[in-house]
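Could you walk me through this structure in the viewer? I would like to know what to select next, and what is there.

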Amino acid sequence: MSMLTRRHLLRRAALSATAVTPAGAALGAVTTAAGATALAGCQTGEDAAPTEPTASSAARLQFPVNFGWGAATSAYQIEGAAKEDGRGESVWDTFSHTPGRIRNGDTGDVAADHYHRYAEDLDLMRDLGLRSYRFSISWPRIQPDGTGAANQRGIDFYRRLVDGLHERGISPMATLFHWDLPQTLQDAGGWESRDVAYRFADYAATVFEALGDRVPVWLTINEPKTVVQNGYLYGHHAPGRQDPDAAYLVAHHLQLAHGLAVQALRADGGTGRIGPAFNLHPCYPADDSPAAAEATRLYDGYENRLYLDSALKGSYPEDVLADLGPTSRMVRGIRDGDLEIISSPVDVLAVQYYTPIYVTANGGTMRRWPTSEASWQQIYPDGMYDILTRVTRDYGPIPLTVTENGLPTPDVLAADGTVEDTGRVTFLRDHLAAAHRAVTDGVPLESFHVWSLLDNFEWAEGYDQRWGLIYIDYPTQRRVLKRSAHWYRQVIADNAV
Ligand code: GCO
């Protein structure tokens, strides 16, 4: 394992390098259009100017007809009801209940209580005018021990949810795995065990059988890279390991699980579309030196091409394999035929964009832009344009959906019942403007999902960070539309920012 590998960006961990160097020509100021007009249309009627004066034109940016305006969540982050209706335990139950792992000792036991309040949440989605809702299915609700017959009560919950979406004219997009691996499978080796990829395919087949007739878009594994890096390199996510050699074997098994699930849908005769969900980080050299360019290329291999190339081209990037070395567990773990499975044709690619990465000549990282409350997140809307156009350029015209984009802001419920998250409005407007530019330049982007619909359990950060369009007052579980939610409703109504 090279030093470079070890120096990977720590998502959700403090970044040490904070120096801001002058931006190169290609990294000039972000320009966006249309802020003023969009804000004027807000339904609160009291929207002030955005926090930064980025609007350069009053022209509206019209999105394609039928653009899929959406919002996203995941099961463990919102559902709560951790012990109800036969749900088994997941690695995140274990991890969050381990002292010292989560800020303030928070757990997902109750979260946003969505399991009980889903009907109210569905009504809020309808009120926003959402056309697409991306959620995840909790594996331990469907198979409490990770294998065997389906738990009918778990299936029934997602049936009610999906039917409720259809009744409100909202298209369901279901993620099969958003990190809540059944604990029994972790005890049997977790993602280090090749067998778990096959257990995932069985679980996927069970879900397809139960819901395949009513879910038009499936996503297989959410952010395999985050499991690899946060779960196995740095250990601040479940299962809390710090073992680089295990980490990349896990990457291979997650990719294998993805491919097997795609095959399971096809075998089931499913009519739904399916694809992976990758968090992609555009990587830029921190300076003009050849060494920085070279380091950036390898960094990009670990951040992006490891997942994209295997799923979409049927090969792992040579530079990453060489860096891992022939004796690494991953390289030894690749069997004949695996890459054919992993690259089973998909219908859609889900892109999650949060931050760029600037790579230094020695393979470290530095910060160039202001961060959000999440120290790993530099705010750089042009990165959205760069990653979307890059994916289309390098992987062809596969339909794209942005399944996550957003930021945490220091939201406060005011005495008058409002939440003034103007920073979120600015952020989303600027990122949507960048996405629009990508569409104009030929990127086949069909939908965009804000992360997140609701404030929720932000993994190791617990409830400290608020990422939602909708504020959750946790003591009462009251829902309050933030200013950004009102703004987004108008964007959807206008089909424009
Ligand atoms: C991820 C997940 C989400 C996070 C979001 C904010 O990207 O890590 O898909 O569950 O909550 O990204 O960090």
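A contact here means heavy atoms within 4.5 Å. Please keep in mind that this is a predicted model: local features need pLDDT of at least 70, side-chain atom pairs count only at pLDDT 80 or more, and totals for chains, interfaces and linings use all residues. Residues are numbered from 1 along each chain as its sequence is written, and side-chain values use heavy atoms, with hydrogens and water left out.

**Whole chain**

Start with a cartoon view: the chain has 18 helices and 13 strands. Helices (H or I, at least four residues) and strands (E, at least two) are DSSP runs, numbered from the N terminus. Of the 497 residues in the chain, 65% are buried, where buried means under 20% relative accessible area with a 1.4 Å probe, protein chains only. Among contacts between residues at least 6 apart in sequence, 77% join residues at least 24 apart.

**Stop one: D300**

Select D300, in helix α12 (residues 290–313). D300 counts as buried because its relative accessibility is 9%. Show side chains, and you will find a polar contact of 2.7 Å between those of D300 and N304. Such a contact is a pair of N or O atoms within 3.5 Å; within protein, one must be able to donate a hydrogen and the other to accept it, and residues adjacent in sequence count only if both atoms are side-chain atoms. Beyond residues up to four places away in sequence, D300 touches C283, R305 and R390.

**Stop two: the second largest pocket**

Now select P282, C283, Y284, T296, R297, D300, R305, D386, I387, T389, R390 and R393, which line the second largest pocket. Two or more lining residues come from each of β6 (283–285), α12 and α16 (382–395). The largest share, five residues, is from α16. A pocket is an open set of points on a 1 Å grid over the protein atoms alone, where a 1.4 Å probe fits, with protein on both sides within 12 Å along at least five of seven lines; lining residues have an atom within 4 Å of a point.

**Stop three: T355**

Move to T355, in the loop between β7 (349–352) and β8 (357–359). Is T355 buried or exposed? T355 counts as buried, because its relative accessibility is 0%. A polar atom of the T355 side chain lies 2.9 Å from the backbone nitrogen of Q378, and one lies 3.4 Å from the backbone oxygen of W376. Leaving aside neighbours within four places in sequence, T355 is in contact with H281, P282, W376, Q377 and Q378.

Notes:
Buried means under 20% relative accessible area, exposed over 50%, partly exposed in between (1.4 Å probe, protein chains only).
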